[in-house]
Amino acid sequence: MKGKDGRAKDERRNRRVLFVPVGIKQRNAKEEPPVFEVLSSSELSMLATASVSVLASWDEGLVDGQAEVQTGLFSHRRRLLRDAWLAREAYQVTAGLRRSGRGTSRRLLEQSRVMLAGAAITHRREDFDAAEKSARDAVASAADDVQRCRALTHLAEALLKRAESEPDLMNWELAHAALKPAAKASVELGNPRSSQRHSRELGREAVVRCLRLEAATMMAELQVNWQKQSYQKIRERLDLAEDLFSGGRSLTLWPGSSTHWVRRNRFERLVRLEVDLLRSRLEYKLALENDDVDALTRSVQQSHAALEGLMRMSDLQGIGEASVVLATQLATVLAYQDSLGNDDIVDTATNLVSVIATGLTHCLPGTRSHLRLLDLAAQMTLVTRAPDPDTKWLCDWVWKTACAAAPEGDPATLLDLSTHWAMGADAHEDRKSSAEAYRIALRTRRRLTDGQVMLGHKEVWLTQGADVHGCAANALAQIDYMEEAVLAVEQGRSVLYSSVVAHPEEELETLSRAGHTELAGAFLDADRHYRGLADDFEQSRRENRRLLSYRDIEQQTQQLRHAARQRDRMLVAIRQVEGCAAFPRTGAGMEDVRRAARESPIAYIAPGLSEGSLLMVRPDGTLTHRSLPLLTAGELKENGTTYLHAYRDRLDHRSDGDSSWQAWGKALYDVTEWLWRAVMGPVIEELDGAGHVRITPTGLLAVLPMWAAWHWRDGRRRWALEHVACSYIPNAALLLRQQARGPAQRHLKALIIDSPQPSTGYDPLEYGGEELAQLRVTADERTELRGQKASLDAVRAHLPTHSLVHFNAHGYADEARPRKSGIVLAQDQVLTVEELRRTDCTDVMLMVLSSCESGLAGGRALDEMISMPGAVYSSARCSVISSLWATEQVVTAELFRRFYQHLEGRLDGHNAAMALRQAQMEVLEEHKHPALWAPFYVMG
């Protein structure tokens, strides 16, 4: 036990370590140091009022003493921000000394910890940069292994905190890479052969910390990118961390080591609680994945125990995180009301109120935990109370306040808040509030996507808000904001491919004509340099991920960020020029959409929470809106997943013969009948006799055959393609790029890739002659690559110089990794989606992918159309014909023989759609089942 003099001595030592008064001007004792506060006093006051108002709406007794509590939390927040500013000032002095040694490293490390605590509140990039740089300097100036081990471990923790706060997923790459040297240093320091017992104990504590950090890094990453294969890895880290406390796995790391490694102190208790909380979060994830109520109950018990332990230790940050975890789990338990008794429901609701109240009275105002607790409180209030006007107003005000207070550097939290606000308002038919919230969500989703460097990282964030643009279009259309509703769908689809091919040539020409040629050229150079570095890094990461060290990733990341800053400076300079304030345009504007629809109407189809919407852009430029009551997100998910599961069962059980085929055939009939009632019936009514419509599908609609929708009439099935020719487009922006190529060439120069051999594990393609007979007659010139000649290099070499390309080959779709989907060529080489996107297809006007599943999009972001036709359409600006399922060779041969008869050498998307429609109508006269005649569709 330390007395008063001992505590004062510790405080004086900490001040010397942290703030190093040398070089910092002495201020008047009464003068407060400046505080960088990201929230205004009015915003902080509104957050406090929101917390009190929610608690008062539940129980007036919860409000007792809230004024003192909020005052104390405000003071603590200000103290942390003040200390962070002082530590940053002191760091400038310490770093300027350019010394190494035990004292210098300790000062830098403590300064970094204080700055990191402030950065977790402000979420400013500059604050994280300072904390991270101080940690790196602490590593460089470490005088011994103990200091280096501590500094490396803290650096990994700082990178994890930054990754959790900032939307740039490059931080996850750095956090994972930084854990490797930290773990290696910890293992070496904790080796039992070490002569110093104190060093061994510190090393073993560092090992436990590294295991906890690694599990926390993977767990936090799962919040945005759920991968089942990570589950076992996380559990192994957590099990090993627990066993290291008891010595159960001492031989795993150091042979001959003792059983009790970690000292019984505050560190051990805190890490144990953190490990328990991580395990609870993992169990909760798996419970949701497997729909396991018992596992969900166990995760609640674990979180409750962890929260109680953190409260005994007065760890405010831990209490906030644990409160959010436990409140989320309890809210999920309430969703399983059918499996709970009335008493259990009441008890769960009471516990949820208590947990949220505990969190709100312990979380610093404006932090992520505080905002998420307000979000949960508003959700619970709407669910558990009668939807009277006062309740609606309170929840709407709480969400609006939380969105306004969300830090600019934490858009992920803002996306969750605005989406939940919109859904809550939408559920109670408050269209105005719903539209306001969806506008915030759309802007935030765009920020999250634009802030990523690599396509894979962009896809992760697009998945997070996958339904936002469709639901936003519904809400905006309901209050007659028709153009804004169309643009919500238009700019929310195929963002990846649109961003890759975006080149604002017209805007740069305008800039050059205004006398700013050098500025336009500088931007193009900076943009090409940035994109080139991003492509190189993504490729090196894909090929050598296990070999890249922390130094490699750090160097590449710094280069990328420097290039991004250079590009941003060019953007700022361009936007200061008159008429260029919105440079560059993101996606198509409304006038662009109208231009794209001049040839054929465009139908934007968006499912919603309570009903869907059909937004039709006609050739004359008029907009129409029609509600689709059957196209809800729930109905689409149920019908779409049932069909896809039946199809996958058919592929997995081909040996069962007709039984698996019949089950899938029935599922196909069911989903296409629902498609008529939910979508295509209203679409055809709105077309007023138009012969061709371009459809922009949303979500699962992208993998369903809407041209095969049917209804009974005059005693037989009537198919949608009997009324109209359908083609799919990702968005109008990419359609405009295709139309900008001008009319299709009359000179048909064909490249035929026929039956590549050998292809291991695939049946021989026996009907290529019949399938390609008409094309061989129609083509003015042709090049054929058959058998072993159809290699990957040969295909790449011939693609740029042909106007029509026909693949008669085997293919497959990898739904989990859609960029790995592809067409199998000679010697089992695969032309993947990623390879095709990078391949030069300069002269190609029409590409036919006559292979199984060549048009099936994959991944969790279906609106991105990550597939073979999506890659070709975006990069080559040509129409693509592909299939949604495995095809029958005989019927496919007959289909394409008739298709080339009707095509007559006209290769544009409109004529391709009309020719395919005519061929399918002729084939279905003999082959009635849509599984045989309906797999192929046109994109373009």
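Predicted model: local features only at pLDDT ≥ 70, side-chain atom pairs only at ≥ 80, totals over all residues.
**Whole chain**

I went through the secondary structure next and found 36 helices and 16 strands in the protein chain. Then I checked the surface: the chain exposes about 40600 Å², and 48% of that comes from carbon and sulfur atoms. I also looked at contacts with a separation of 6 or more, and 74% of them join residues 24 or more positions apart.

**Helices α18 and α19**

I picked a helix pair to look at: α18 covers residues 431–450 and α19 covers residues 455–464. Their axes come within 8 Å and cross at roughly 160°. Angles over 145 degrees count as roughly antiparallel, so that is how I've put down α18 and α19. I noted the crossing as right-handed. On the α18 side, I listed Arg445, Leu448, Thr449 and Asp450 as making the contact; on the α19 side, Lys458, Trp461 and Leu462. Sorting the residues of this contact gave me three nonpolar, one polar and three charged.

**Arg717**

Where does Arg717 lie? I found Arg717 in strand β6, which spans residues 716–719. Its relative accessible area is 25%, so I wrote Arg717 down as partly exposed. Leaving out residues up to four places away in sequence, I saw Arg717 touch Tyr669, Trp710, His711, Trp712 and Glu722. I also checked Arg717 against Glu673: the two are 44 residues apart in sequence, and their C-alpha atoms are 9.7 Å apart in space.

Note on methods: Residues numbered from 1 in each chain as written. Heavy atoms only, no water. Axes fitted to C-alpha atoms, helices over the stretch in contact; angles between N-to-C directions. Helix = DSSP H or I, 4+ residues; strand = E, 2+ residues; numbered from the N terminus. Parallel < 35°, antiparallel > 145°, perpendicular 65-115°, else oblique. Left-handed = near helix turned anticlockwise from the far one by under 90°. Contact = heavy atoms within 4.5 Å. Nonpolar A, V, L, I, M, F, W, Y, C, P; charged D, E, K, R; others polar. Areas by Shrake-Rupley, 256 points an atom, 1.4 Å probe, with all protein chains shown as cover. Buried < 20%, exposed > 50% of the residue type's maximum accessible area, 1.4 Å probe, protein only.
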